[in-house]
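Work through the exercises below with the sequence and the 3D structure at hand. Each task is followed by a solution in steps.

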Amino acid sequence: MSSLSVRVISRIEETIKKNFQKSKTRELSLLILSFLENSFIKSKVRKTSFLFVMFYPGRFWSKIDKLNKRFNLEFFLDPFILFPLVYIGFVGISTYRPSFLATFSILIGLISFMFGVKIARKSEFGVTALENYSSRLAISLLVIGVFALVLDIERAGAVPLFEPFAKKGLSVSYTMLASLIVPGGILAISVIGVKLRNGEIGLREARVYALLTLLTTTMLISLVGFRTQIIVSILGCSMAMYFSRILGWIEIVSFFMVSLFGISFFGYLRAVEEGAGIGILEVLGRRVGLTLSIYDTLVNLYWPFGVNRGSVALATFSSYFSFIPGPSLGPRTIVARMFGVYDISMTSTLFGTVMLDFGIIGIMVFALILGLIIGAAYKATLQTHSAIAISILSLLFAYVLVGIETGLVDFNVFMFFFIGALIILKSRIPRHY
Amino acid sequence: MKVVDIKEGRLLGINFIDIFVVVVVAFLLFSFGSTILFKDLTFSGDEMYSAIKEFEKLNEKGFLVEAVAEGKWIGTEDVLFNSRGLIVRPTRGAFEFKLKDGRILKLGGSMSYLEDIALDKITLIPLDRHIAKLKTSPGYQFKSYNEMISYLKNLKEKNNADHLIITADFSFINSVETPQELYNKFRRRYLIRDVGKGISTENAVTLRLELAELSELENTHVKCDSIALGEVVIYLGYDTEEKPEQPTDSGPVISYEDLL
């Protein structure tokens with residue numbers, strides 16, 4: 001059965017490849033990609049970025065490098081360790097104590113994820129698919145994303161970061177296209193990492209360019225005013241720097257802390273502005289507590305097999321494409337409606353919507369698939385050190401970590417996982433028995 | 001010169017990435033500038049406390065503040081609300097909002113559920129662009145209600161003001177109406193921001209009117225033997241584009257834009 005499906009997929013792939021290689025679309029796409037790459041290489045923008053290398057704090061960074069070498073805590077950043085650690089931390093800082101059943105279901109999810117990572121590690125990877133196009137792809141993703149961002153802000157009439165009501169005027173399609181800025185930035189950093197590895201640039205140049213890319217990417221995506229994207233950008237770019245050996249674990253942990261502090265601080269400012277008496281450290285705990293309490297309720301109501309039989313998962317697509325039959329509301333809105341809340345959407349942790357659809361069985365399967373994808377991307381990164389593998393791991397792992405709170409229910413995020421998984425699968429060396 | 005030079009990455013002779021970056025930066029600067037520098041008085045339903053803060057700044061200086069409110073009636077799923085009215089007072093995270101027919105509704109934020117309306121957007125509109133606080137005596141005595149109106153009208157005309165707005169304790173001597181009737185009468189009037197609870201003594205009823213516009217007082221008929229005003233504050237409102245000169249016997253002219 002399994003060999004039949006592999007043969008069918010291979011046949012489809014070959015047919016598409018054959019037709020695509022001869023098509024005008026391929027020629028045109030390659031021309032556009034080359035045009036953008038050449039344009040970037042010869043641009044003044046690139047030349048100007050050389051100037052920033054002068055400001056590289058060499059002495060300071062050499063001290064951090066020494067510390068990185070002295071205390072080697074790299075194993076913490078292995079998905080097998082980091083994901084359960086962050087999840088436990090998430091539950092730990094919550095002001096809400098989940099029930100035994102909810103804790104048990106989370107543990108099942110964590111074990112399934114770790115199991116998935118373990119299985120995926122057995123895979124072997126050769127040359128990563130699309131690696132030859134990595135720099136061209138990075139530039140194209142950034143150009144498309146920035147172009148969509150400009151159109152989106154123009155449509156909204158104001159910058160949502162400074163004028164929150166303008167968020168209502170954003171176009172879903174443009175915002176999703178604008179979210180390509182994040183994978184574009186992460187891929188660009190991974191390309192810089194590969195250039196460093198190949199000795200084409202030095203460490204100080206790599207660090208300065210990578211940090212400039214992180215700042216630009218985060219600054220651009222923050223304009224649409226969605227916190228999740230900002231955190232994914234900071235986490236994803238910093239992970240890409242780590243896996244490319246541009247930065248060490250101390251810098252990565254600092255980025256994690258800055259992200260956490262950033263969320264707390266902005267939440268605190270907003271709470272103060274709205275007259276709520278809340279401490280800066282309490283903000284995260286309260287927010288996490290609310291999300292966990294929603295999850296807890298769902299678990300206690302529907303724990304064995306769920307109730308919606310996949311319609312919440314389907315809502316990820318049907319709420320975006322009207323021609324797909326299914327709910328017109330997004331998954332988070334469906335959760336909110338279940339609690340009688342009509343004007344806002346509600347998050348129910350990474351496992352909430354899966355619990356609603358298929359119960360604990362659903363959590364096991366979902367966490368296993370996530371573990372397989374992240375584990376495979378991690379193994380591909382360690383084996384190939386290719387820009388594509390690093391960027392896929394950094395992007396998807398950042399989304400998984402942020403998704404612990406927000407859930408993974410957006411159409412664009414699903415597409416990132418789907419395409420990322422396909423590329424990783426394609427780069428796998430098949431086993432011959 | 002080639003229109004598109006693939007090798008050089010040029011479009012019409014100009015490097016594509018350079019021009020792209022310049023256009024994007026220019027656009028973002030323009031958007032940033034127009035969002036931050038030309039700040040208006042429009043707020044989303046999530047910014048109730050910001051809206052209240054701005055209202056309080058204006059109210060403190062004597063501006064009567066109208067608003068265009070857009071949102072949904074709470075308790076319904078899709079019944080929209082879109083109306084212009086006068087802000088009476090802020091309560092915790094909400095506004096009391098007077099419609100032109102005198103009805104008072106409670107406007108809450110986008111997530112409110114106790115009020116009448118859950119707002120999507122609210123735009124504050126001060127009745128006047130500029131305002132000046134007149135130097136007045138702490139108290140006045142008039143033989144009749146009409147005499148008080150004539151005095152205030154003269155004051156308004158003398159200073160070429162578009163509106164005259166008064167805050168004072170109005171003591172109606174030997175009024176035919178009960179405190180409750182007087183309270184209801186004034187409270188229903190559109191351009192009177194707020195009316196305090198009436199105090200009744202042997203021969204007088206005293207009401208505190210907050211920011212009452214002269215035309216509304218003129219249209220309210222009160223039968224009483226005489227009238228006394230205490231703790232009087234009078235504002236002159238100007239709706240002109242240009243800032244008017246400071247009237248005699250008044251403090252400096254304040255534009256609402258200066259307060260944003």
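**Exercise 1.** In which loop of chain B is the place of B:Met111? State also whether B:Met111 is buried, exposed or partly exposed.

Solution. The model is a predicted one.
- Step 1: B:Met111 sits in the loop that runs between β8 (104-108) and β9 (117-126) of chain B.
- Step 2: Within 10 Å of B:Met111 there are 14 other C-beta atoms. A residue is buried at 20 or more such atoms and exposed at 12 or fewer, so B:Met111 is partly exposed.
- Step 3: From B:Met111 to B:Ser250 the separation is 139 residues in sequence and 43 Å in space, C-alpha to C-alpha.

**Exercise 2.** Describe the overall build of chain A: how many helices and strands are there in chain A?

Solution. 
- Step 1: Chain A has 18 helices and 0 strands.
- Step 2: For 433 residues the globule rule gives 22 Å, and the radius of gyration of chain A is 22 Å, so chain A is as compact as a globular protein of that length.
- Step 3: The C-alpha trace of chain A spans about 60 × 60 × 50 Å along its principal axes.
- Step 4: Of the 433 residues in chain A, 42% are buried.
- Step 5: Consider contacts in chain A between residues at least 6 apart in sequence; 74% of them join residues at least 24 apart.

**Exercise 3.** Work out how α6(A) lies against α16(A) and against α5(A). At roughly what angle do the axes cross in each case?

Solution. Two packed helices are described by the angle between their axes and the distance between the axes.
- Step 1: Helix α6 (residues 100-120) and helix α16 (residues 349-384) of chain A have axes that come within 6 Å and cross at roughly 30°.
- Step 2: Angles under 35 degrees count as roughly parallel, and α6(A) and α16(A) are therefore roughly parallel to each other. Their crossing is right-handed.
- Step 3: The contact of α6(A) with α16(A) contains 20 nonpolar, 6 polar and 1 charged residues.
- Step 4: Helix α5 (residues 79-93) of chain A has an axis that comes within 9 Å of that of α6(A), and the two cross at roughly 165°. This makes α5(A) roughly antiparallel to α6(A).
- Step 5: The crossing of α5(A) with α6(A) is right-handed. Residues of α5(A) including A:Phe80, A:Phe83 and A:Tyr87 meet residues of α6(A), among them A:Leu110, A:Phe113 and A:Met114.
- Step 6: By class, the contact of α5(A) with α6(A) has 11 nonpolar, no polar and no charged residues.

**Exercise 4.** What is the phi of A:Thr349, and what is the phi of B:Asn160? Place each residue in its chain.

Solution. Most residues other than glycine have a negative phi.
- Step 1: A:Thr349 is not a glycine, yet has a positive phi of about 70°.
- Step 2: A:Thr349 belongs to helix α16 of chain A and is buried, with 28 other C-beta atoms within 10 Å.
- Step 3: B:Asn160, not a glycine either, has a positive phi of about 50°.
- Step 4: The loop between α3 (145-158) and β12 (163-173) of chain B holds B:Asn160. B:Asn160 has 12 C-beta neighbours inside 10 Å and so counts as exposed.

**Exercise 5.** How many residues does the contact take from chain A and from chain B?

Solution. 
- Step 1: Chain A gives 26 residues to the contact and chain B gives 30 residues.
- Step 2: On the side of chain A that touches chain B, α2(A) gives the most, with 6 residues.
- Step 3: That side of chain A has 15 nonpolar, 5 polar and 6 charged residues.

Conventions: Residues numbered from 1 in each chain as written. Chains lettered and ligands numbered in written order. Predicted model: local features only at pLDDT ≥ 70, side-chain atom pairs only at ≥ 80, totals over all residues. Contact = placed C-beta atoms within 7 Å. Helix = DSSP H or I, 4+ residues; strand = E, 2+ residues; numbered from the N terminus. Nonpolar A, V, L, I, M, F, W, Y, C, P; charged D, E, K, R; others polar. Rg over C-alpha atoms; globule rule 2.2 N^0.38 Å. Axes fitted to C-alpha atoms, helices over the stretch in contact; angles between N-to-C directions. Parallel < 35°, antiparallel > 145°, perpendicular 65-115°, else oblique. Left-handed = near helix turned anticlockwise from the far one by under 90°.
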